[in-house]
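Visitor: I am new to this structure and would like to go through it step by step. Please show it to me.

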Amino acid sequence: MSRSVNTVILCEDRQHEAFARRFLERIGKGHRVMRVEISPKGRGSGEQFVRERFAKELAFYRARQHRVEQALVVMIDADNRTVATRVHQAEEAAKEGGQEQRRARERVAIFVPARSIETWLAYLDGQMVDEKANYPRLERERDCQRHVDCLHRMCQSRALRLPAPPSLEAACTEYCIRLHSGGAV
Amino acid sequence: MTRRSGKGSPVIKRLYVDNYKSLVNFELQLTELTLLLGPNGVGKTAVLDVMFGVRRLLSGQAKVTDTDAFPTSTLTRWQKRDRQVFEIDVTLGEDELRYRLEVEHERTTRKARVVLERLEAKGRPLFVFEKTEERAEVRLFRDNHSAGPVFGGDWSESALARVPPAHDNTRLTRFLDFMRKVIVCGMYPASFQTESSTEDSVLERDARNFAAWYRHVLLERPELVPEFTKALQEVIDGFRGIRMERVGLDTRALMVAFDQSGERYELRLDEISDGQRALIALYSLVRLAAGQGYSLFLDEPDNYIALAEIQPWLIELADACGGEVPQAVLCSHHPELIDYLGGDRGLVLKRESSGSTVVRPSSELAVEGGLRLSEVIARGWER
């Protein structure tokens with residue numbers, strides 16, 4: 001069967017990819033319909049790659065958005081910034097690249113774990129987390145499957161365990177508005 | 001935030017090679033998934049050749065002078081030294097083993113002999129073969145390193161390969177089992193033979209015995225066939241399944257079933273396209289050989305397959321590495337592999353002015369903002 005990608009994952013590093021891809025797989029997307037665009041620099045300086053690439057991917061998405069189920073999923077760590085700052089930076093970069101701001105019905109979601117994806121992983125492991133603290137990386141990126149499963153269960157019950165990291169709450173809202181209600185995933 | 005080093009999955013952590021083709025005093029640190037990058041002629045395939053030669057020797061299938069082992073023609077041409085050294089560090093669970101092989105050549109007669117073969121754990125021996133002027137002697141050691149039998153050995157081959165499993169040499173046996181399941185392969189689908197009269201546990205260097213190997217893995221894990229078939233149905237238009245058809249007393253032909261517009265038909269393996277053969281073989285390595293302990297050293301696995309099919313296969317391989325597939329080492333120039341794996345799994349081989357090959361992580365390459373790694377390499381801006 002010929003492959004036709006309908007979801008692009010644009011991310012900083014392999015942990016982002018593993019988490020985002022596995023979550024999308026968990027809700028029914030096959031990896032054959034996904035395309036992963038990952039920073040060549042890895043975590044730390046990968047944020048610049050994602051920001052610069054975002055305008056191009058947004059343009060590609062817009063050129064094909066009339067087709068059903070197209071989606072662009074962006075993942076970028078907040079690091080020492082806020083979620084709003086990271087989203088704003090991405091949108092500014094898009095603007096500089098000649099792309100208008102995201103419109104309401106566009107299935108373009110920007111997920112910003114604060115301080116990093118490891119914060120979410122620690123939370124999903126049952127820890128109380130602080131979005132300003134650093135948490136250790138997993139031994140292997142694919143070990144995040146259990147975290148993805150946990151998040152998926154929370155999604156199904158429509159409730160994060162409290163207290164939840166605000167960046168994950170924001171990501172859930174982003175998912176509901178941009179992807180789920182849009183019918184993409 | 002450093003990543004903890006993985007324990008559990010068997011993995012070759014280090015390869016050291018000296019005086020073999022372009023590899024002089026060459027050291028490679030490997031992980032569960034590694035992409036070898038670099039210009040033509042830099043030694044990527046030589047790395048795979050070493051692994052293939054060592055695996056052949058340790059399987060007891062080759063003499064040291066065989067073409068696919070370490071004949072004198074493999075000596076580094078600009079070196080005057082006659083001794084080659086190969087070292088492989090393997091982690092098997094909690095056990096960290098080092099295998100060392102030294103081969104000495106006589107350039108004029110083109111004779112070669114094993115002068116040292118040793119397996120040790122943290123410097124303590126499990127096996128030693130030494131060839132001196134006076135004698136060629138094997139010294140066996142038990143799992144607890146206490147001295148075992150001493151006897152004469154043959155310097156034309158691996159003496160280690162001749163050691164039978166015993167209750168007190170389980171560490172050595174595990175090492176041999178692991179190394180014998182290293183698949184080193186640069187696929188040449190046009191050479192795939194459709195018929196096989198045996199079941200081969202090891203895939204040949206060009207995968208010509210794919211049908212015989214397929215028969216073997218099929219017998220080992222028949223329960224994986226439905227998922228394997230399903231995966232290929234998504235990848236190859238009209239694909240329905242694979243069947244081994246009896247065409248002789250012991251001979252079977254690998255038949256591929258298709259469905260086109262409701263019409264079912266079968267083609268022999270040699271009747272389908274090179275790309276379809278490559279896809280079947282690549283998905284067999286990840287889906288069907290899963291959990292059988294096969295480590296993969298693959299030369300340009302992207303050859304022959306459609307651009308759109310490369311990343312999905314890579315994702316499957318990356319997910320399997322360290323688990324169902326203990327380890328994969330890939331050599332490639334393909335942008336799809338470079339961009340997907342290069343950021344954190346890539347090692348760049350480079351020839352120095354001395355002629356020797358050196359290695360550095362691709363994460364150290366200077367990448368201009370926004371450019372893909374493959375584009376940086378294509379422009380020669382990585383230096």
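Guide: One definition comes before the questions: a residue counts as buried if 20 or more other C-beta atoms lie within 10 Å of its own, as exposed if 12 or fewer do, and as partly exposed in between. The model is a predicted one.

Visitor: Is K122(B) buried or exposed?

Guide: K122(B) sits in the loop between β6 and β7 of chain B. Its phi is near 50°, a positive value in a residue other than glycine. Within 10 Å there are 9 other C-beta atoms, so K122(B) is exposed.

Visitor: Which class does D79(A) fall into, by its count of other C-beta atoms within 10 Å?

Guide: D79(A) is not a glycine, yet has a positive phi of about 55°. Its place is the loop between β3 (71-75) and α3 (83-96) of chain A. The limits are 20 or more for buried and 12 or fewer for exposed. With 16 other C-beta atoms within 10 Å, D79(A) is therefore partly exposed.

Visitor: Which residue does a cis peptide bond join to A114(A)?

Guide: Most peptide bonds are trans. The bond in question has an omega of about -5° and is cis.

Visitor: In which loop is the place of P163(A)?

Guide: P163(A) is joined to L162(A) by a cis peptide bond, with omega about -5°. The place of P163(A) is the loop between α5 (145-156) and α6 (166-180) of chain A.

Visitor: Which strands stand at the edges of the open sheet in chain B?

Guide: The sheet has 8 strands with antiparallel pairing, in the order β2-β1-β4-β5-β6-β7-β8-β9. A strand at the edge has a single partner, so one of its sides is left without a neighbour in the sheet. The edge strands of chain B are β2 (26-29) and β9 (147-152).

Visitor: What is the bridge partner of E104(B) in β6(B)?

Guide: Strands β5 (residues 95-106) and β6 (residues 111-121) of chain B pair in the antiparallel sense over 10 bridges. In β6(B), the bridge partner of E104(B) is R113(B).

Visitor: What angle does the direction of helix α2 of chain B make with that of β4(B)?

Guide: Helix α2 (residues 170-180) of chain B packs on the sheet. The strands of chain B that α2 touches are β4 (83-92), β5, β6 and β7 (124-131). The angle between the directions of α2 and β4(B) is about 105°.

Visitor: How are α1(B) and α2(B) set to each other?

Guide: Helix α1 (residues 44-58) of chain B packs against α2(B) with the axes 9 Å apart and an angle of about 130°. The contact is made by V54(B), R55(B) and L58(B) on α1(B), and by L176(B), M179(B) and R180(B) on α2(B). These residues divide into 4 nonpolar, no polar and 2 charged. An angle between 115 and 145 degrees is neither roughly perpendicular nor roughly antiparallel, and α1(B) and α2(B) are therefore oblique.

Visitor: Which element gives the largest share of the side of chain B that touches chain A?

Guide: In this interface, 24 residues of chain B are in contact with 24 residues of chain A. The residues on the side of chain B divide into 7 nonpolar, 8 polar and 9 charged. Both α6 (307-320) and α7 (335-345) of chain B supply at least two residues of that side. The largest share, 6 residues, comes from α6(B).

Technical notes:
Residues numbered from 1 in each chain as written. Chains lettered and ligands numbered in written order. Predicted model: local features only at pLDDT ≥ 70, side-chain atom pairs only at ≥ 80, totals over all residues. Pairing = 2+ DSSP bridges. Helix = DSSP H or I, 4+ residues; strand = E, 2+ residues; numbered from the N terminus. Contact = placed C-beta atoms within 7 Å. Axes fitted to C-alpha atoms, helices over the stretch in contact; angles between N-to-C directions. Nonpolar A, V, L, I, M, F, W, Y, C, P; charged D, E, K, R; others polar. Parallel < 35°, antiparallel > 145°, perpendicular 65-115°, else oblique.
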